[in-house]
Amino acid sequence: QPPKNPKKQWSLNDFEIGKPLGKGKFGRVYLAREVKSGFIVALKVIFKEQIEKYRLHHQLRREMEIQTSLRHPNVLRLYGWFHDEERIYLILEYAHGGELYRELRKTGRLSEKQAAIYIASLTQALAYCHEKHVIHRDIKPENLLLDHEGRLKIADFGWSVQSRSKRHTMCGTLDYLAPEMVENKAHDYAVDNWTLGILCYEFLYGVPPFEAERQTDTFRRIMKVDLSFPSTPDVSAEAKDLISQLLVKDSSKRLSLQKIMEHPWVIKNVTSHDTII
Ligand SMILES: CC(=O)NC[C@@H]1CCN(c2c(Cl)cnc3[nH]c(-c4cn(C)nc4C)nc23)C1
């Protein structure tokens, strides 16, 4: 391994740009190779005027700080970044398997074992993020990538927020926090748990639980938690139990990430070598 000089200032000359991989939110993502090492990366190119136009400096900076600091097998790495006059370049881990979304569309739906492996990986990645006070808030199949071994990688922290964790230390006790503030704190963290329920349902049935023709209907179904399980495909009672314990309106009553890992459906389907238990 050549000695890494972490303070290296990267530039475009350090990379050979390959095929476009797809579009992120504010720019394109290209396959790229670091010339000296031959290391393959995904290079996300973001146009500065796009960032200026939508006033997203702080959001992009936060995404970069967050993703650079995260080190977890199920979280896509941000190795570094550089910029020129008109663009910002993010040097990202390349996920050889592409978007989980594509696999879901191709197969229609996943086996219970595969769905459970993805849910366990996501749960562990989220537990790691939450202990670092990072809430992703935008977990959906398009933001889930697969590496060469089919291991899930959460990408695109564009909308994650660093929870105002200093509030704990600052106020010490909750006595002085208005209910909506406390609720808001719990609500933020538990939003990712709700999403795990949505994803679990979509992995097993091929469609999200509250899908509807019009957005207003989807909104109504979510607010009502209008959850029903079709008779086909035949999904195990354990899987339905887990989904029902996550898609709960009261965010404080959703199954915790720890309890998800201990749920019978996960224990039955995920052996330790599938993911780090
Ligand atoms: C989550 C996200 O940022 N999505 C938008 C970008 C599309 C390609 N991005 C990739 C990113 Cl950011 C990282 N690795 C990737 N690998 C692929 C890919 C691989 N195959 C075989 N096909 C594809 C596609 N794409 C990426 C992300």
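In helix α8 (residues 237–246), the buried residues are Ala239, Leu242, Ile243 and Leu246. Because they span an arc of only 95° around the axis, they lie on the same side of α8. The model is predicted: local features need pLDDT of at least 70, side-chain atom pairs count only at pLDDT 80 or more, and totals for chains, interfaces and linings use all residues. Residues are numbered from 1 along each chain as its sequence is written, and side-chain values use heavy atoms, with hydrogens and water left out.

**Helix α8**
- Buried means under 20% relative accessible area, exposed over 50%, and partly exposed in between (1.4 Å probe, protein chains only).
- Helices (H or I, at least four residues) and strands (E, at least two) are DSSP runs numbered from the N terminus.
- The arc is taken from the directions from the helix axis to the C-beta atoms.

- Phe219 belongs to helix α7 (residues 215–224).
- Phe219 counts as exposed because its relative accessibility is 55%.

**Ligand shell**
- The ligand is surrounded by 19 residues, each with a heavy atom within 4 Å of it.
- The closest are Leu21, Glu93, Tyr94, Ala95 and His96.
- A nitrogen atom of the ligand lies 2.7 Å from a backbone N or O atom of Ala95.
- On its own the ligand has 560 Å² of accessible area, of which the protein covers 88% (Shrake-Rupley method, 1.4 Å probe).
- At least two shell residues come from each of β1 (15–23), β5 (87–93) and β6 (98–99).
- The most are given by β1, with three residues.

Definitions and conventions
Polar contact = N/O pair within 3.5 Å; in protein donor to acceptor, adjacent residues only side chain to side chain.
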